[in-house]
Amino acid sequence: MSCGLYAYAITRDRLADLAGPWLISYQGLALVVAEVDLDRFTGIEADEPAEDGPLAVLVREHDAVVRAVFQHEPVLPLRFGTVLDGADAALRLLRARHEEALAWLDRVEGRREWGVRVRAAAEPEPVDLDSVSGTGYLALRRQRLTAAEDARRSAEAVHQALTRRAADSTCRDHASDLLLEAAYLVDTENEDDFHAEIGRLAGELGQPVEITGPWPPYSFTNVEFADA
Amino acid sequence: MDNRPSSLADTLERVLDKGVVIVGDITVSVVDIELLTLRVRLFIASAQTAREMGMDWWTNDPFFTPKAVNRATEVNELEQQNTELRDRVAALERTLEEKRP
């Protein structure tokens, strides 16, 4: 068995017991780490992801540790599969990125991420070509194109309205059957307001709006840290 | 509004594709993250197409979904119409050829 120092997250150095993972601290900053069996990661990129597969287990473990920290302290989640070359390397990193990491922690403190998704309406029934005239068909086609364009605009309006109630927002690339796939970083004291707004917008939209969360600020910590 | 526990696809997307990236020689490479992300993106895309995380594999199976049968019949009908139209065009072209002086 080959072991390595797996790093889950960066946080402030004032966290109590995490039942397993521990902290490597440097001047108010800490890296959440644990000794892991690296064999568990071998060949994982070759497996097909599955609900109960080895990747799912590891990813959920990673998420669970990040969430455990997030319950008490602001957190910068690290990308899955970050293994450090020992405790010295961890300290080097914390020293080199001290100011920057603290600034990022300030930025996400007191805020949680919410995912919002709006699906496109189901495909309309195919036209029975025998029962419509040529003009009738063209009119119907125009009507459907307009409806699709309206739906896209409404989703954009939803995004703008939610962005106004969030500290930060980001749109993800999405499949064509989605009108909106976005994440919002919301102040905890504004969450009620944010959810009420989603309810209102969903009513206006006449379509279900799916919400995921609360998440640790995964989508709002896209930064690269090096030790130098 | 629909607030359910986070699906694997949502968790994978965040844990693998987001968050702080540590670079440099302080890290040990244990997993080809790019390849993994690529695979996971494909997985997520297919999970989105299947509305409920691979729970609706039957929707295109005529045995389970009469609508899929309809679609199959529609295609057959179109093919048939197509053949008929081709035949008629060929017949008309022949007639034109014959009438040409």
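**Exercise 1. Work out how many residues of domain 1 of chain A and domain 2 of chain A are in contact.**

Six residues of domain 1 of chain A touch six of domain 2 of chain A, where contact means heavy atoms within 4.5 Å. This is a predicted model, so to speak: local features need pLDDT of at least 70, side-chain atom pairs count only at pLDDT 80 or more, and totals for chains, interfaces and linings use all residues. Residues are numbered from 1 along each chain as its sequence is written, and side-chain values use heavy atoms, with hydrogens and water left out.

As for the bounds, domain 1 covers 3-109 and domain 2 covers 111-215 of chain A; they come from an automatic or database domain assignment.

**Exercise 2. Track down the salt bridge across the interface.**

Step 1: the rule (a side-chain nitrogen of Lys or Arg within 4 Å of a carboxyl oxygen of Asp or Glu) finds one salt bridge between these domains.

Step 2: Arg107(A) pairs up with Asp168(A) in a salt bridge, with the closest N and O atoms 2.8 Å apart.

Conventions
Chains are lettered from A and ligands numbered from 1 in the order in which they are written.
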